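Me: Could you walk me through this model with me, starting with the ligand and then turning to the strands and the backbone?

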Amino acid sequence: MDASALFKFSSGLYVVSAAGGEHAAACLVNTGMQVTAEPLQVSVTVNKENVTCGAIERAGHFSLAVVDESADMLFVGRFGFRSSADVDKYDGIAHGLASTGDPYPAEHTCSFVACNVVRSLDVGTHVTFVGEVVDAANLSDVPPMTYAYYHGTLRGKTPAKASSYVAGLS
Ligand SMILES: Cc1cc2nc3c(=O)[nH]c(=O)nc-3n(C[C@H](O)[C@H](O)[C@H](O)COP(=O)(O)O)c2cc1C
């Protein structure tokens, strides 16, 4: 079996955030997607070892911002390679506050939604959260960053906690 076949699945990059504690937790994911239109629902799949997973469980809500093509590896590194246990990822960057109370980056993002969690599914290493959208807005006209763009143009890597990680292939 050649697991690199899954690299051809199309997806985007998103920052998922949940308020709570001293500061919000947030991380980069490639697992955001729309689930239904009526009611308007999205899902996001987060590794149980990521601080953001527990933060979403405790808060019962989250924001999901669409990363755009202006994002650089500094932005990716902040949200995708550091832990909210060590840093406040929103310290020093422009951000907004959704009606749920969750922050979202207001730079390098072209839109966001915010949701109340209506279902969560334990899928082993990760939890899939389904959220009903209660807030949404467009932020810029910059095209959304696809995972293919991230790999091909930014030459970005896939860390072990990403759903799409395959040992030996990144
Ligand atoms: C390109 C990329 C895609 C990622 N996709 C996911 C994902 O879908 N789910 C996930 O849980 N983590 C994913 N990650 C890893 C988290 O962003 C990373 O573990 C982060 O440091 C966790 O932060 P936290 O502990 O503050 O929540 C991805 C990282 C990168 C760079």
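The chat below takes up the ligand site, then strand pairing, then backbone geometry.

Me: Before we start, what should I keep in mind about numbering and confidence?
Reply: This is a predicted model, in which local features need pLDDT of at least 70 and side-chain atom pairs count only at pLDDT 80 or more, while totals for chains, interfaces and linings use all residues. Residues are numbered from 1 along each chain as its sequence is written, and side-chain values use heavy atoms, with hydrogens and water left out.

Me: OK, how many residues surround the ligand, and which are the closest?
Reply: The ligand is surrounded by 27 residues, counting a residue if one of its heavy atoms lies within 4 Å, and the closest are Leu28, Asn47, Thr52, Arg82 and Ser84.

Me: How do those divide into nonpolar, polar and charged?
Reply: The shell around the ligand has 13 nonpolar, 11 polar and 3 charged residues, where Ala, Val, Leu, Ile, Met, Phe, Trp, Tyr, Cys and Pro count as nonpolar, Asp, Glu, Lys and Arg as charged, and the others, Gly among them, as polar.

Me: Which element gives the most to the shell?
Reply: That is β2, with 4 residues; β2 (25-29), β4 (41-47), α1 (51-59), α2 (73-80) and α3 (147-152) each supply at least two. Helices (H or I, at least four residues) and strands (E, at least two) are DSSP runs, numbered from the N terminus.

Me: What lies 2.9 Å from an oxygen atom of the ligand?
Reply: A polar backbone atom of valine 51 does, and a ligand oxygen is also 3.0 Å from an N or O atom in the side chain of lysine 89. The protein buries 97% of the 650 Å² that the ligand exposes when taken alone, by the Shrake-Rupley method with a 1.4 Å probe.

Me: Switching to strands, what does β9 pair with?
Reply: Strand β8 (residues 109-122) and β9 pair in the antiparallel sense over 11 bridges, and β4 pairs with β9 (residues 126-138), also antiparallel, over 7 bridges; pairing requires that DSSP finds at least two bridges between two strands. Leucine 121 stands opposite threonine 128 in β9, and valine 42 has glycine 131 of β9 as its bridge partner.

Me: And the backbone, which peptide bond is cis?
Reply: The bond from glutamate 38 to proline 39 is cis, with omega near 0 degrees, and proline 39 is found in the loop between β3 (33-36) and β4.

Me: What about phi of histidine 108?
Reply: Histidine 108 has a positive phi near 60 degrees although it is a residue other than glycine, and its place is in the loop between β7 (103-105) and β8. Most residues other than glycine have a negative phi, and most peptide bonds are trans.

Conventions:
Polar contact = N/O pair within 3.5 Å; in protein donor to acceptor, adjacent residues only side chain to side chain.
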